[in-house]
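Take a look at the structure below and let's walk through it together.

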Amino acid sequence: MKFTKGQEFMAEFLGTMVLILFGCGVVAMVVLFGSNPAIPGEVVKGGYTNVTLGWGLAVTFGIYIAGTISGAHLNPAVTLAMCVTKRMPWSKAPHYILGQFLGAFAGAALVFGVYYPKWITVDPTFDHTTGIFSTFPAIAGFWPGFFDQVVGTALLLGLILAVVDKLNALPGSNMAPFIIGLIVVAIGISFGGMNGYAINPARDMGPRLFALLMGFKNNGFFMNDPSGVAAASIIWIPPVVGPIVGGILGALAYDFTIGKALVTAHKLSSDPEARADGMDSSHREHEEVINRVAGKAL
């Protein structure tokens, strides 16, 4: 099936909007409706367990919305990695990424609209709830958050490619979105503390821009110093740059290891001469078969 740029744009827009509605929605539940005083480990009204499960389901349902039309990237890091590894033409990147950022912005606006009556009772001056929209570091400085985002997004892309690779053990019918959602749950459980596991520039920047426009303080572009004066901040940079670097590295790592091995094995299994040789006599004969198949491909 072929789809127009407009249809692909709308699929990425709606899929990313659903991602943010469920994702930022679950954080709003945790922050705005948690018990006061807080109950450690609470999972009914809030808690980190809810956050990781909510974001995993957010990714799952976003993919179900957009998957058939656009492939449901919902993430510029995914789109750029697909282009770098030649899985998708660069001509598609602009409308994919635009749809993702606008969808994330729209999703944040809807979450804010739904929760506004409660929001203004919890944080009437909008000075300490911007974390509902975007991520913030546990450790000050650029490099800790950047490295965290590189590793997390490399895991994301490598595992996504493993799940959708037609030469690998594919999941059952229509189960890939659910499994990819579980990947996000796993990343959140294991790597969520350092920088909030944005692993997606649109997921972080779209809602952060909405928060900035709505007048939220301590938004990552500007943070209050100890005296209460707002100063420019670089908090917003790691969850934008880190995922792009990590996504490309993760995709390339998969292609040059597991992906390459699967392609080689597939070529060998489909080559009559390779099957006739048996491929089990010696390592040297196996190398000769690989060279012969590679020569035919050139």
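This is a predicted model: local features need pLDDT of at least 70, side-chain atom pairs count only at pLDDT 80 or more; totals for chains, interfaces and linings use all residues.

Residues are numbered from 1 along each chain as its sequence is written, and side-chain values use heavy atoms, with hydrogens and water left out.

Of the 298 residues in the protein chain, 44% are buried; that means under 20% relative accessible area, with over 50% called exposed and anything in between partly exposed (1.4 Å probe, protein chains only).

Now for the parts list. The protein chain has 10 helices and two strands, which are DSSP runs numbered from the N terminus (helices are H or I, at least four residues; strands are E, at least two). Reading from the N terminus, the order is α-α-α-α-α-α-α-β-β-α-α-α. Contacts here are heavy atoms within 4.5 Å. Among contacts between residues at least 6 apart in sequence, 73% join residues at least 24 apart.

Let's see how some helices meet. Helix H3 (residues 76–84) packs on helix H5 (residues 142–164) at an angle of about 60 degrees, with the axes 11 Å apart. Axes are lines fitted to C-alpha atoms, for helices over the stretch in contact, and angles run from 0 to 180 degrees between N-to-C directions. That makes H3 oblique to H5, since angles under 35 degrees count as roughly parallel, over 145 as roughly antiparallel, 65 to 115 as roughly perpendicular and the rest as oblique. On the H3 side, Ala-77, Val-78, Ala-81 and Met-82 meet Thr-153, Leu-157 and Leu-161 of H5.

Further along, helix H7 (residues 201–213) packs against helix H8 (residues 238–269) at about 160 degrees, their axes 8 Å apart. H7 and H8 are therefore roughly antiparallel. Pro-201, Asp-204, Met-205 and Arg-208 of H7 touch Pro-239, Val-240, Pro-243 and Ile-244 of H8.

Finally, find Thr-130 in the loop between helix H4 (93–122) and H5. Is Thr-130 buried or exposed? Thr-130 has a relative accessible area of 2%, so it is buried. Leaving aside residues up to four places away in sequence, Thr-130 touches Phe-136, Ala-211, Phe-216, Lys-217, Asn-218 and Asn-219.
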